[in-house]
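Subject: Structure for your attention

Dear colleague,

I am handing over the structure below, and I would be glad if you could look through it alongside the notes that come after it.

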Amino acid sequence: MDEVKATTEVWKGRMDLLALEKEAAKAELASVENQLRVAKDKVDKWSQLSDDLQAPLNSAITEWDALGQEYAALRSKVDATSADAEEMVVQYKADVEAAETRLKTKTEYIKWLSRRETLEEIHARGFDLSAEME
């Protein structure tokens, strides 16, 4: 009987020890579950934040692409306009040079015409300057 009592006491001690280990495991499990819940909440918050930021990011990317395309189109127009303007400048310079040449020619013509008219007027008054001119 003493032996059975001793064995019972050993088994009771082991059961108490197992109960303590079971309680410690439950407490650790509760702690891990709590940590898991907190981590899940953080992940949900980050996921929501990511979703909230994704739409404006996509919008900004779309707008950036549209602006890039608009810039390329405007750049093409500027290049074309610049080339046209350069051609016009070259043409205007040529026109100005031609006009200056015509103006010089007309100026010379008017100068000689004026001299001729003056000589004719002097000659009409009876003066002969041909001897002096020689």
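This is a predicted model: local features need pLDDT of at least 70, side-chain atom pairs count only at pLDDT 80 or more; totals for chains, interfaces and linings use all residues.

Residues are numbered from 1 along each chain as its sequence is written, and side-chain values use heavy atoms, with hydrogens and water left out.

**Overall form**

The secondary structure comes to 2 helices and 0 strands, where helices (H or I, at least four residues) and strands (E, at least two) are DSSP runs numbered from the N terminus. Helix α1 covers residues 2-124. The C-alpha trace spans about 180 × 25 × 20 Å along the principal axes of the protein. Its radius of gyration is 55 Å, while a compact globule of 134 residues would have a value near 14 Å; the radius is taken over C-alpha atoms, and the globule rule is 2.2 Å times the number of residues to the power 0.38.

**Surface**

Of the 134 residues, 0% count as buried, with buried meaning under 20% relative accessible area, exposed over 50%, and partly exposed in between (1.4 Å probe, protein chains only). The accessible surface of the protein comes to about 12,700 Å², and 61% of that area belongs to carbon and sulfur atoms; accessible areas come from the Shrake-Rupley method with a 1.4 Å probe, and for residues only the protein chains shown count as cover.

A nonpolar surface patch is formed by W46, L49 and L53, which together have about 360 Å² of accessible area. Patches are made of residues with over 30% relative accessible area and no salt bridge, like charges being joined within 9 Å and nonpolar side chains (Val, Leu, Ile, Met, Phe, Trp, Tyr) within 5 Å. W46 is found in helix α1 and counts as exposed because its relative accessibility is 61%.

**Salt bridges**

The structure holds 3 salt bridges, each defined as a side-chain nitrogen of Lys or Arg within 4 Å of a carboxyl oxygen of Asp or Glu.

- D79 pairs with R75, with the closest N and O atoms 3.7 Å apart; because they are 4 residues apart in helix α1, about one helical turn separates them. D79 is partly exposed at 41% relative accessible area, and R75 is partly exposed at 43%.
- K111 pairs with E108, with the closest N and O atoms 3.5 Å apart, and both lie in helix α1, 3 residues apart, or about one turn of the helix. K111 is partly exposed at 36% relative accessibility, and E108 is partly exposed at 38%.
- E120 pairs with R116, with the closest N and O atoms 3.0 Å apart, and both lie in helix α1, 4 residues apart, or about one turn of the helix. E120 is partly exposed at 41% relative accessibility, whereas R116, at 52%, counts as exposed.

**Aromatic rings**

R14 lies over the face of W11, at 5.3 Å from the ring centre, and R115 lies over the face of W112, at 4.9 Å from the ring centre. A charge sits over a ring if NZ of Lys or CZ of Arg is within 6 Å of the ring centre and within 35 degrees of the ring normal.
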